[in-house]
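Please open the structure in a viewer and keep the sequence beside it.

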Amino acid sequence: MAACPFEEFVSIIAGAAEVHTDRLHVMIMDSLLGKKIFAYGTAYSKLEQIYHHSIQSWAEVTFVAQQNHP
């Protein structure tokens, strides 16, 4: 039986040494798997807010500043 898309997603992330993302669901999954995360903030600061409210005491997340190009 073929793996479901979620199982494939977890398998790919589990094999990574570090993950770069701007997606909240990926940051949460990576945190649960103990990965080193480089997060790129969004216009709504959703990742930063969730990080500071819920996971900063145990997740390894580095926020990367993005430069806006005109």
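Select Ile28, Leu32 and Trp58, which make a nonpolar surface patch of about 320 Å². Accessible areas come from the Shrake-Rupley method with a 1.4 Å probe, and for residues only the protein chains shown count as cover.

This is a predicted model, in which local features need pLDDT of at least 70 and side-chain atom pairs count only at pLDDT 80 or more, while totals for chains, interfaces and linings use all residues. Residues are numbered from 1 along each chain as its sequence is written, and side-chain values use heavy atoms, leaving out hydrogens and water.

Select Ile28, which lies in helix 2; helices are DSSP runs of H or I with at least four residues, and strands are runs of E with at least two, numbered from the N terminus. Ile28 is partly exposed, at 34% relative accessible area. Next select Ser31, also in helix 2. Ser31 is buried, at 7% (buried means under 20%, exposed over 50%, partly exposed in between). Ser31 touches Ile37, Ile55, Trp58, Ala59 and Val61, residues up to four places away in sequence not being counted; contact means heavy atoms within 4.5 Å.

Select the three strands, which form an open parallel sheet in the order 1-2-3; strands pair if DSSP finds at least two bridges between them. Strand 1 (18-21) and strand 3 (60-64) are the edges. Finally, select Phe38, whose bridge partner in strand 3 is Thr62.

Technical notes: Buried < 20%, exposed > 50% of the residue type's maximum accessible area, 1.4 Å probe, protein only. Patch = residues over 30% accessible without salt bridge, like charges linked within 9 Å, V, L, I, M, F, W, Y side chains within 5 Å. Salt bridge = Lys/Arg side-chain N within 4 Å of Asp/Glu carboxyl O.
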